[in-house]
Amino acid sequence: MNKINIIETRVRSFIEDIQHPKQKKKLNINDLEFQLRKLLHDYYEMDGYLLFHQAIESLQNEGQLTPIHNSQYNGRTPSLPLYYWVNLKVQANKWDRLQMMKLSDLFDFSFYERHPEWQTKEEWDRIQNLYAFLQSNQEREIVSLEERSLELFGHEKFLLDGISFPDGKGFLTRIGVSEEQLKVVKYGEPFVFWMKQGKEINDIQRVMIVENLSFFHTTIQLLEADQLDYEPELIIYGEGTKIERSFSFFFKIFPPKSYLFYYAGDLDAAGYGIMNRLIEKYPNCCIQPALKIYRKMLECVDQRNEQKSGQIQNLKYRDAFFEWFTEEEQGLLMQLWQENKRIPQEVLTIETWRRWM
């Protein structure tokens, strides 16, 4: 999906949320752009304001927005009026009640009764496609969610990508159908991993997951030199937040048994979130932070840098992560947090590792 659609989708979604069928609402453009900048960490890199300007003009041309001309502008170039009226929500077309009754043997239309704005032609077409499938779903094979989404709704990401397809993410919930009825399976994404030389799949007991590519290659060198903490038999490249989608792939490769998983990521809000969400999603797995590695990173505090823009600073994840450390270490971690600083995993190189040998 291109960048202009990301900006425009966000803006349109916000406008739709605040539109009212009987009352116009006043919108401050600077407030709206500020919310966008918080949501999109690469807003400036993508020349976000220009795309934002184009999105506002498109909505104005469609009659969704009307500028309030009072000599106040937003102070940007190209400029926009500072205030707009968000025009009345156009009432959705109502569906034929008789047609709804014909499909009610498989579907629950109560959501659409409560929210008539969803009674659109596009939504009805989706429901008809789904109804035709469900009448013969017992004869169908199990396929991936992406394959079924393409078959029924015209795009493989329709049910998965809420940004590109805001109508798709909640569609099954609205109509009261489960993924199981679609005869689908969600496959775990494959990941890159390195097994210690001389080890076999059945030898795996300790697994280390590392967030970043550079440190992944560093840990391979340390592992083969028998210098890596915890002496794992396997190292997985987590690839940032991707590990949250790909972790289930581990259990399709390796035999079922108890494993020890050590997670090592950046000392920042994103890293805390990744590790804690893995623990939440896989409560039956023994997942814990690689404390020995994090402590080495804390000794490199002089190489701290600015927290990445756009990261969600979740206090629950922060506190849960800090609990693994001593009181003194928690004080240092809290100081980094309050200063909006982070320690990237890349402070640990083959050269810096020598200080602990």
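Predicted model: local features only at pLDDT ≥ 70, side-chain atom pairs only at ≥ 80, totals over all residues.
1. Residue numbers count from 1 along each chain as its sequence is written.

2. Let us begin with helices. Two packed helices are described by the angle between their axes and the distance between the axes. The crossing of α2 past α3 is right-handed.

3. Which residues in α2 and α3 meet? From α2 come I29, L32, E33 and L36, and from α3 come Y49, F52 and I56. Sorted by class, this contact has six nonpolar residues, one charged residue and no polar ones.

4. While you are in this part of the chain, look at D47, in the loop between α2 and α3. D47 is not a glycine, yet its phi is positive, at about 55°.

5. Now turn to another helix pair. Helix α6, residues 121-134, packs with α7 at an angle of about 115°, and their axes are 9 Å apart. On the α6 side, R126, N129, L130 and F133 take part, and they meet R148, E151, L152 and F153 in α7. By class, the contact of α6 with α7 has four nonpolar, one polar and three charged residues.

6. Helix α7 also leads us to a pocket. The second largest pocket holds about 530 Å³ of space. Which elements give two or more residues to the lining of this pocket? They are α7 (145-153) and α10 (243-246).

7. Finally, take a look at the lining itself. There are 14 lining residues in the second largest pocket, and L160, K186, Y187, E189 and R245 lie nearest its centre. By class, the lining has seven charged, four nonpolar and three polar residues.

Definitions and conventions:
Heavy atoms only, no water. Left-handed = near helix turned anticlockwise from the far one by under 90°. Helix = DSSP H or I, 4+ residues; strand = E, 2+ residues; numbered from the N terminus. Contact = heavy atoms within 4.5 Å. Nonpolar A, V, L, I, M, F, W, Y, C, P; charged D, E, K, R; others polar. 1 Å grid on protein atoms, 1.4 Å probe; cavity = no way out; pocket = protein on both sides within 12 Å on 5 of 7 lines; lining within 4 Å. Points joined across faces, edges and corners; volume = space filled by probe spheres on them. Axes fitted to C-alpha atoms, helices over the stretch in contact; angles between N-to-C directions.
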